[in-house]
Amino acid sequence: MGKKLSIDDAAEELRTGRLSPPELLSELVCTNTALRRASRRLSQLYDDAVAPTGLKATQVGLLTQIAALREGGHPWPTLQSLAERLAVSISALTHALRPLVRDGLVELVPDEHDGRTKHAMLTSSGEHRMHEALVHWADANQRVEVVLGPSAAALRTLADDVASPEFLEAYEARRSLKD
């Protein structure tokens with residue numbers, strides 16, 4: 001593989017036929033591809049770690065987000081607030097919740113003032129399974145921290161920046177996040 005292409009050079013390479021689309025993709029500097037590859041690797045490690053609980057890492061993350069939004073005596077989170085926190089659509093969230101509801105770990109409870117609004121509530125079984133999974137999660141997380149060293153904190157900060165509403169605003173405005 002040669003030097004990585006900039007976005008400006010990509011159209012020219014395709015137009016002139018010097019590189020095929022697959023060759024071009026392998027030569028592009030692509031943040032999405034790199035992050036998705038890294039995310040798949042980490043997801044597999046965390047999935048393997050929590051497998052004894054019968055959960056996937058994404059499900060553990062979802063359970064902990066429900067619990068986190070409940071902290072401090074707040075009501076159980078609405079699906080809308082949970083989707084916003086996770087940066088996913090409501091349909092993706094309801095799809096992800098389906099097996100947790102089926103297995104009795106989460107209940108969807110209608111809002112007392114607006115029946116169209118639903119709240120995600122952990123059941124006692126859901127809280128127990130989440131705590132069990134977090135023991136395994138913590139071990140995997142510690143191992144990742146050791147492997148990455150100081151880069152782990154920088155990686156988390158960068159990921160939080162990318163997931164932020166400010167990033168989306170900067171992207172849409174075609175400006176730097178730091179402006």
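Student: Why is Q59 called buried?
Tutor: This is a predicted model, and in it Q59 has a relative accessible area of 14%. Buried means under 20%, so Q59 gets that label.

Student: What does Q59 touch, leaving out residues up to four places away in sequence?
Tutor: Q59, which sits in helix 4 (residues 57-70), touches G54, P99 and L100.

Student: And what makes the Q59 side chain and the backbone nitrogen of K56 a polar contact?
Tutor: A polar atom of that side chain lies 2.8 Å from the K56 backbone nitrogen. The cut-off for such N or O pairs is within 3.5 Å, and 2.8 Å meets it.

Student: Over to M121. Why is M121 called partly exposed?
Tutor: Its relative accessible area is 22%. Buried needs under 20% and exposed needs over 50%, so M121 falls in between.

Student: Where is M121, and which residues does M121 touch beyond four places in sequence?
Tutor: M121 is in strand 2 (residues 118-122). The residues it touches are W76, L105, V106, E107 and V109.

Student: How do you know that D103 and R102 form a salt bridge?
Tutor: Their closest N and O atoms are 3.0 Å apart. The rule asks for within 4 Å, so the pair qualifies.

Student: How many salt bridges does the rule give?
Tutor: The count comes to 4.

Student: Which residues make the nonpolar surface patch, and which helix gives the most?
Tutor: L158, V162, F167, L168 and Y171 make a patch of about 490 Å². Helix 9 gives the most, with 3 residues. Helix 8 (151-163) and helix 9 (165-172) each supply at least two.

Student: Why is F167 called partly exposed?
Tutor: F167, in helix 9, has 30% relative accessibility. That lies between 20% and 50%, so partly exposed is the label.

How values were computed:
Residues are numbered from 1 along each chain as its sequence is written. This is a predicted model: local features need pLDDT of at least 70, side-chain atom pairs count only at pLDDT 80 or more; totals for chains, interfaces and linings use all residues. Side-chain values use heavy atoms; hydrogens and water are left out. Buried means under 20% relative accessible area, exposed over 50%, partly exposed in between (1.4 Å probe, protein chains only). Contact means heavy atoms within 4.5 Å. A polar contact is a pair of N or O atoms within 3.5 Å; within protein, one must be able to donate a hydrogen and the other to accept it, and residues adjacent in sequence count only if both atoms are side-chain atoms. Patches are made of residues with over 30% relative accessible area and no salt bridge: like charges are joined within 9 Å, nonpolar side chains (Val, Leu, Ile, Met, Phe, Trp, Tyr) within 5 Å. Accessible areas come from the Shrake-Rupley method with a 1.4 Å probe; for residues, only the protein chains shown count as cover. A salt bridge is a side-chain nitrogen of Lys or Arg within 4 Å of a carboxyl oxygen of Asp or Glu.
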